[in-house]
Amino acid sequence: MAVFCYRCGTALPVSARFCSNCGTVVSVTPPIAGRPLVRPHVGRQIAGVCLGLAQANAWDVALVRVLTVVGFFFSGGLVAVAYLAGWIGIPEEPYPMPGAYPPNV
Ligand SMILES: [Zn+2]
């Protein structure tokens, strides 16, 4: 898979950090969290909805939790309904098989 300079469109090798044509820094896009939307078992507080959302979207879990608690009181129950919907609709993270490697990923 080739990487293209977003400024001049020159095809670059994947390992390129600068465009060989115009010198633009080729930004390396950090891998997005990439975790599926699941409710993890480890680290959850109630149902793991906030933790699952935070991990799936690479958000700060503390921020998600604070906004959720604030939303409980100031959204007229909308966040509460959304949390329950997530509790029901978001699948639980499957338990790792014994002997799976690496553990706890
Ligand atoms: Zn370029």
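Colleague: Hi! Leaving aside its neighbours within four places in sequence, which residues is Cys 8 in contact with?

Modeller: Cys 8 is in contact with Cys 19, Asn 21 and Cys 22, once neighbours up to four places along are left aside. Two residues are in contact if their C-beta atoms, placed from the backbone, lie within 7 Å. Do keep in mind that this is a predicted model, where local features need pLDDT of at least 70, side-chain atom pairs count only at pLDDT 80 or more, and totals for chains, interfaces and linings use all residues. Residues are numbered from 1 along each chain as its sequence is written.

Colleague: Thanks! And where does Cys 8 lie?

Modeller: Cys 8 is in the loop between β1 (3-4) and β2 (11-12). Strands are DSSP runs of E with at least two residues, helices are runs of H or I with at least four, and both are numbered from the N terminus.

Colleague: Does Cys 8 count as buried or exposed?

Modeller: Cys 8 counts as exposed, because it has 12 C-beta neighbours inside 10 Å. The rule is that a residue is buried if 20 or more other C-beta atoms lie within 10 Å of its own, exposed if 12 or fewer, and partly exposed in between, with C-beta atoms placed from the backbone. The C-alpha atom of Cys 8 is also separated by 8.8 Å from that of Thr 24, 16 residues apart along the chain.

Colleague: What about Arg 7, which residues does it touch?

Modeller: Not counting residues up to four places away in sequence, Arg 7 touches Cys 19, Cys 22 and Thr 24. Arg 7 is found in the loop between β1 and β2 too. With 13 C-beta neighbours inside 10 Å, Arg 7 counts as partly exposed.

Colleague: Let's zoom out. How many helices and strands are there in the chain?

Modeller: The chain has three helices and two strands. From the N terminus on, the elements run β-β-α-α-α.

Colleague: And what share of the residues count as buried?

Modeller: Of the 105 residues, 10% count as buried. As for contacts between residues at least 6 apart in sequence, 22% of them join residues at least 24 apart.

Colleague: OK, helices now. Which residues in α1 are buried?

Modeller: In α1, the buried residues are Val 49, Cys 50, Leu 51, Gly 52, Ala 54 and Gln 55. They pack against α2 and α3 (78-89).

Colleague: Tell me about Val 49. Which residues does it touch?

Modeller: Setting aside residues up to four places away, Val 49 touches Arg 39, Tyr 83, Gly 86, Trp 87 and Ile 90. It is buried, with 24 other C-beta atoms within 10 Å. Val 38, eleven residues away in sequence, is 8.0 Å from Val 49, C-alpha to C-alpha.

Colleague: At what angle do α1 and α2 pack?

Modeller: They pack at about 135 degrees, with axes 9 Å apart. Axes here are lines fitted to C-alpha atoms, for helices over the stretch in contact, and angles run from 0 to 180 degrees between N-to-C directions. The two helices are therefore oblique to each other. Angles under 35 degrees count as roughly parallel, over 145 as roughly antiparallel, 65 to 115 as roughly perpendicular and the rest as oblique.

Colleague: Which residues meet there?

Modeller: Cys 50, Leu 51, Leu 53 and Ala 54 in α1 meet Val 61, Val 64, Arg 65 and Thr 68 in α2. These residues divide into six nonpolar, one polar and one charged. Ala, Val, Leu, Ile, Met, Phe, Trp, Tyr, Cys and Pro count as nonpolar, Asp, Glu, Lys and Arg as charged, and the others, Gly among them, as polar.

Colleague: How do α2 and α3 cross?

Modeller: Their axes come within 6 Å and cross at roughly 125 degrees. That makes α2 oblique to α3. Thr 68, Gly 71 and Phe 72 of α2 make the contact with Val 79, Ala 80 and Tyr 83 of α3. Those residues split into four nonpolar, two polar and no charged.

Colleague: Does α2 lie largely in the open or buried?

Modeller: It lies largely in the open, because the number buried among its 14 residues is one.

Colleague: Last one! What is the phi of Ala 58?

Modeller: Ala 58 has a positive phi of about 60 degrees, although it is not a glycine. Most residues other than glycine have a negative phi. Ala 58 sits in the loop between α1 (49-57) and α2, and it counts as exposed, with 12 C-beta neighbours inside 10 Å.
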